[in-house]
Amino acid sequence: MVEVFKTNVALQEQACKLLGLLLQRFPSSRINFDLEDCDKILRVEGHDFIIDDVMLLLRREGFACSVLD
């Protein structure tokens with residue numbers, strides 16, 4: 001499964017921190033940010049992640065996150 005999220009993560013340092021947290025929670029997933037995209041894309045690929053958990057993790061860290069239509 002692949003899911004793409006729109007975020008408001010602006011800085012590479014923020015993305016690195018979040019990437020570490022996401023990989024702790026979903027270690028077998030492939031996860032990356034595209035901060036060059038206007039939607040500050042977060043892409044998660046794997047079989048063991050839960051969409052709502054991804055969004056909740058980012059929101060708990062103070063960032064906006066929603067599934068990109």
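Modeller: Let's start with glutamate 3, which lies in strand S1; helices (H or I, at least four residues) and strands (E, at least two) are DSSP runs, numbered from the N terminus. This is a predicted model, in which local features need pLDDT of at least 70 and side-chain atom pairs count only at pLDDT 80 or more, while totals for chains, interfaces and linings use all residues. Residues are numbered from 1 along each chain as its sequence is written, and side-chain values use heavy atoms, leaving out hydrogens and water.

Colleague: How do you know that glutamate 3 has no salt bridge?

Modeller: A salt bridge needs a side-chain nitrogen of Lys or Arg within 4 Å of a carboxyl oxygen of Asp or Glu. For the buried glutamate 3, the nearest side chain of opposite charge is arginine 43, 9.9 Å away. Here Lys and Arg count as positive and Asp and Glu as negative, with His and the chain ends not counted.

Colleague: Which residues does glutamate 3 touch?

Modeller: Leaving aside residues up to four places away in sequence, the list is Leu42, Arg43, Val44, Phe49, Ile51 and Val67. Contact means heavy atoms within 4.5 Å.

Colleague: What makes S1 and S3 a pair?

Modeller: DSSP must find at least two bridges between two strands. S1 (residues 2–7) and S3 (residues 41–45) have four, in the antiparallel sense, so they qualify. Valine 2 stands opposite glutamate 45, and phenylalanine 5 has leucine 42 as its bridge partner. S1 also runs antiparallel to S4 (residues 65–67), joined by three bridges.

Colleague: Why is cysteine 65 called buried?

Modeller: Buried means under 20% relative accessible area, exposed over 50%, and partly exposed in between (1.4 Å probe, protein chains only). Cysteine 65 is at 3%, so it counts as buried, whereas cysteine 38, at 69%, is exposed.

Colleague: How do you know that the sulfur of cysteine 38 is too far from cysteine 65 for a bond?

Modeller: A disulfide is a pair of cysteine sulfur atoms within 2.5 Å. The sulfur of cysteine 38 is 15 Å from its closest counterpart, in cysteine 65, which is too far for a bond. The search of the whole structure accordingly finds zero disulfides.

Colleague: How many salt bridges does the rule give?

Modeller: The count comes to five. Among them is glutamate 45 with arginine 30, at 3.8 Å from N to O; Arg30, Arg43 and Glu45 are linked in a network of salt bridges.

Colleague: Why do the buried residues of H2 line one face of the helix?

Modeller: In H2 (residues 51–60), the buried residues are Val54, Met55, Leu57 and Leu58. Seen down the axis, they fall within an arc of 160°, so they line one face; the arc is that of the directions from the helix axis to the C-beta atoms. On the other side, Asp52 and Arg60 are exposed.
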